[in-house]
Amino acid sequence: MATPLPQILSTLHNAAEAAGRPSPRLLAVSKTQPAEAVAALAAQGQQAFGENYVQEALAKMQALQPLGLEWHLIGHLQSNKAEAAARHFDWVQSVDRPKLVTALARHRPAARGPLNVLIQVNIDDESSKHGCTPDAVDGLAAAIQAEPALCLRGLMAIPAPWPDAARRRAAFVRMRTLFEALAARHPQVDTLSMGMSSDYADAIAEGATLVRIGTALFGARPRPA
């Protein structure tokens with residue numbers, strides 16, 4: 001069941017206030033949702049939307065182009081889709097290897113300005129997830145910084161859904177430590193993307209500046225036909 005946007009925003013604000021943190025930005029995760037659902041949420045004031053798949057997102061971008069929405073790619077990006085991502089997205093949150101940095105920079109149109117990128121970190125070293133290791137962050141950051149067509153904005157992670165709450169919270173702590181170290185070396189870094197519907201409160205308490213919420217906003221995803 002979907003929750004109205006004002007209620008979600010209030011919940012995020014309250015979680016931030018309780019933790020003594022600034023309120024994070026809300027990224028509405030719209031993967032598998034039809035363009036009509038995105039438009040309905042945009043009519044309530046939501047501007048930033050996250051998509052997992054390039055081709056699915058391109059169709060929505062075309063349909064909703066007059067709305068001037070901000071589009072984030074949050075799913076794994078294959079190198080052969082880098083050109084389309086660089087040309088059409090405002091943010092790519094899943095940069096995790098040097099080859100992707102080069103491809104995105106090569107294809108970013110100068111007229112669109114630098115592409116905002118986040119380095120995705122596999123903070124719990126899960127074999128089933130993409131993302132670089134924590135010790136690879138500095139090298140990737142340097143590669144991104146060297147590309148005028150890209151703008152390094154920070155880090156993204158999807159921690160493992162451990163049953164133990166303390167273990168889940170520890171992953172957010174490690175991400176905050178990485179983020180603070182990166183921001184100390186790169187002053188423009190301002191975005192720590194972590195936390196979803198099930199764990200946003202802990203993420204916010206540990207310094208998330210952007211949280212990714214899908215089901216709570218849109219309701220259950222449509223089932224494949």
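The legends below describe close-up views of the pockets, the cavity and the cysteines in a predicted model.

**Figure 1. The largest pocket and the residues nearest its centre.** The largest pocket holds about 500 Å³ of space. Its lining is made up of 24 residues. Those that lie nearest the centre of the pocket are K31, N52, I74, G75 and H76.

**Figure 2. Composition of the lining of the largest pocket.** Two elements, helix α3 (54-63) and strand β8 (210-213), each contribute at least two residues to the lining of the largest pocket. Sorted by class, this lining comprises 11 polar, 8 nonpolar and 5 charged residues.

**Figure 3. The second largest pocket.** A volume of about 220 Å³ is computed for the second largest pocket. The residues that line this pocket are L58, M61, Q62, L64, Q65, G68, L69, W71, H88, D90 and R112. Helix α3 provides the largest share of the lining, with 3 residues. The class counts for the second largest pocket are 5 nonpolar, 4 polar and 2 charged residues.

Figure 4. The model has 1 cavity of 30 Å³ or more. The volume of the largest cavity is about 30 Å³. Lining this cavity are Q120, V121, N122 and I123, together with K129, H130 and I158. By class, the lining of the largest cavity divides into 3 nonpolar residues, 3 polar residues and 1 charged residue.

Figure 5. The number of disulfides in the model is 0. C132 takes part in no disulfide, and the nearest cysteine sulfur to that of C132 belongs to C151, 18 Å away. For C151, the closest cysteine sulfur is in C132, and because the two atoms are 18 Å apart, they are too far from each other for a bond. The cut-off applied to a disulfide is a pair of cysteine sulfur atoms within 2.5 Å.

**Figure 6. Solvent accessibility of C132 and C151.** C132 has a relative accessibility of 5% and therefore counts as buried. C151, with a relative accessible area of 24%, is partly exposed.

Conventions. Residues numbered from 1 in each chain as written. Predicted model: local features only at pLDDT ≥ 70, side-chain atom pairs only at ≥ 80, totals over all residues. Heavy atoms only, no water. 1 Å grid on protein atoms, 1.4 Å probe; cavity = no way out; pocket = protein on both sides within 12 Å on 5 of 7 lines; lining within 4 Å. Points joined across faces, edges and corners; volume = space filled by probe spheres on them. Helix = DSSP H or I, 4+ residues; strand = E, 2+ residues; numbered from the N terminus. Nonpolar A, V, L, I, M, F, W, Y, C, P; charged D, E, K, R; others polar. Buried < 20%, exposed > 50% of the residue type's maximum accessible area, 1.4 Å probe, protein only.
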